[in-house]
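I opened these notes to keep track of what I looked up, one item at a time. The entries follow the order in which I went through the structure.

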Amino acid sequence: MSSFGRCAACKYLRRKCPQDCILAPYFPSSNPQRFACVHKIFGASNVTKMLQQVPEHLRAEAAECISYEAIARVQDPVYGCVGIITQLQQQIVQIHSEIMKTKGEMVAHHSAHPQHHTSPQQQGDPSQFISIHQQEQNNFQSDKHLSGNF
Amino acid sequence: MRMKQAMKGHEPRSSSSCAACKLLKRKCTSTCIFAPYFRSDEPKKFAKVHKVFGASNVSKILVEVPEEQREDTVNSLAYEAEARLRDPVYGCIGAIALLQRKMVELQHDLAIARARLARYSVPVASTSSPSVLVDENVGMVSFDDMPCCSAVNESFGQSSSQLTQVQPMNDFGQFPYIF
């Protein structure tokens with residue numbers, strides 16, 4: 001990397017960019033803002049340590065995620081990407097509620113107008129919709145622990 | 001002189017230091033920015049935050065936010081730090097990826113359910129019952145600004161350099177699935 005100039009990290013830190021600079025592959029000079037955010041939130045030293053602790057083949061992913069977290073925190077200093085998690089959880093609850101509501105309407109409609117369901121696939125016991133409800137509820141409940149196991 | 005000696009007994013002792021000052025081995029003053037949020041009975045909380053972000057960076061972040069939002073800030077930083085220590089590669093982005101995947105699945109399920117409902121209501125449309133309109137856009141969320149983590153989720157659209165807007169949450173306190 002040093003033969004092509006310094007990486008964004010070394011430029012920002014105003015230091016020489018060695019041949020084996022651990023940050024160089026993930027913070028190219030073409031995107032100085034990215035490292036600026038990472039440096040502001042985590043600090044160069046912490047990021048270096050974090051990348052060193054990760055196997056080399058996973059460092060690109062780690063750097064990407066660290067950068068994303070840093071940018072999210074710069075944009076939202078209070079919640080950072082935890083705000084995104086909360087948003088997603090609330091949207092999931094909303095969509096799930098819509099699904100339940102829609103399926104409730106289907107059950108109600110099926111019960112009220114059984115003669116309208118002419119195809120064999122559409123006919124059947126309304127309780128199949130209830131079992132779908134239950135299955136989805138179970139799936140939803142099992143996902144609730146996604147972020148809660150700390 | 002006697003006054004000074006008397007006042008010396010009122011100086012903060014190490015036992016009243018917050019978790020941050022204890023870890024950093026420094027005097028915890030009455031204006032310590034960490035003290036309200038890192039109590040001495042929660043040493044691990046600050047230890048994790050310090051390990052991931054560094055005390056100096058946390059202090060700068062706290063100084064930049066209004067005082068009434070600092071507790072939420074500390075809690076979200078603690079959450080992120082915990083996630084990153086548990087998963088050094090993906091941190092809390094892993095949770096975002098899972099939730100996004102779930103969201104896509106549920107959006108798909110919703111579309112199917114609504115299509116079915118619309119099919120059921122079509123024969124009824126000719127009678128007195130009103131037809132049910134299917135709004136495919138309700139509940140659909142665009143996450144075009146998510147970073148491209150190839151091993152995480154194909155629903156991540158663009159690189160982190162293109163992240164433009166994150167909507168801040170106002171009701172951090174409810175956190176049904178995190179705390």
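**Entry 1: Val49(B)**

I looked up Val49(B) and found a relative accessible area of 0%, so Val49(B) is buried. The model is a predicted one, and I read every value here with that in mind. Val49(B) sits in helix H3 of chain B. Leaving out neighbours within four places in sequence, I listed its contacts as Phe38(B), Gly54(B), Val58(B), Leu77(B), Ala78(B) and Ala81(B). I also checked one pair that is separated in sequence: Val49(B) and Glu80(B) are 31 residues apart along the chain, and their C-alpha atoms are 8.3 Å apart in space.

**Entry 2: H3(B) against H5(B)**

Next I asked at what angle H3 and H5 of chain B pack. For H3 (residues 43-52) and H5 (residues 70-86), I noted an angle of about 70° and axes 8 Å apart. An angle from 65 to 115 degrees counts as roughly perpendicular, so H3(B) is roughly perpendicular to H5(B). On the H3(B) side the contact is made by Lys45(B), Lys48(B), Val49(B), Lys51(B) and Val52(B). On the H5(B) side I wrote down Val74(B), Asn75(B), Leu77(B), Ala78(B), Ala81(B), Glu82(B), Arg84(B) and Leu85(B). By type, the residues of this contact are 7 nonpolar, 1 polar and 5 charged.

I then checked H5(B) by itself. Its 17 residues should span 24 Å at 1.5 Å a residue, and the end C-alpha atoms are 24 Å apart, which agrees. Of those 17 residues, 13 are buried, so H5(B) is largely enclosed by the rest of the structure.

**Entry 3: H2(A) against H4(B)**

I moved to a helix pair that joins the two chains. Helix H2 (residues 32-41) of chain A and helix H4 (residues 55-64) of chain B have axes that come within 8 Å and cross at roughly 95°. H2(A) is therefore roughly perpendicular to H4(B). His39(A), Lys40(A) and Ile41(A) of H2(A) meet Asn57(B), Ile61(B) and Glu64(B) of H4(B). I recorded the make-up of this contact as 2 nonpolar, 2 polar and 2 charged residues.

I looked up what Phe42(A) touches, not counting residues up to four places away in sequence. In chain A the list is Val47(A), Met50(A), Ile66(A), Glu69(A) and Ala70(A); in chain B it is Val52(B), Phe53(B) and Asn57(B).

Which residues have the most contacts inside the largest nonpolar core? They are Leu23(A), Phe27(A), Phe42(A), Val47(A), Phe34(B) and Phe53(B), in a core of 72 residues. Helix H5 (residues 80-112) of chain A supplies the largest share of this core, 9 residues. As background I noted that nonpolar side chains tend to be buried together in soluble globular proteins.

**Entry 4: Totals by chain**

Last, I tabulated the chain totals.

| Item | Chain A | Chain B |
|---|---|---|
| Secondary structure | 6 helices, 0 strands | 6 helices, 0 strands |
| Pattern along the sequence | α-α-α-α-α-α | α-α-α-α-α-α |
| Buried | 49% of 150 residues | 41% of 179 residues |

For chain B, residues 24 or more positions apart account for 44% of the contacts with a separation of 6 or more.

Terms used
Residues are numbered from 1 along each chain as its sequence is written. Chains are lettered from A and ligands numbered from 1 in the order in which they are written. This is a predicted model: local features need pLDDT of at least 70, side-chain atom pairs count only at pLDDT 80 or more; totals for chains, interfaces and linings use all residues. Side-chain values use heavy atoms; hydrogens and water are left out. Axes are lines fitted to C-alpha atoms, for helices over the stretch in contact, and angles run from 0 to 180 degrees between N-to-C directions. Helices (H or I, at least four residues) and strands (E, at least two) are DSSP runs, numbered from the N terminus. Angles under 35 degrees count as roughly parallel, over 145 as roughly antiparallel, 65 to 115 as roughly perpendicular and the rest as oblique. Contact means heavy atoms within 4.5 Å. Ala, Val, Leu, Ile, Met, Phe, Trp, Tyr, Cys and Pro count as nonpolar, Asp, Glu, Lys and Arg as charged, and the others, Gly among them, as polar. A nonpolar core is a set of buried Ala, Val, Leu, Ile, Met, Phe, Trp, Tyr and Cys residues joined through side-chain atoms within 4.5 Å. Buried means under 20% relative accessible area, exposed over 50%, partly exposed in between (1.4 Å probe, protein chains only). The expected span of a helix is 1.5 Å times one less than its number of residues.
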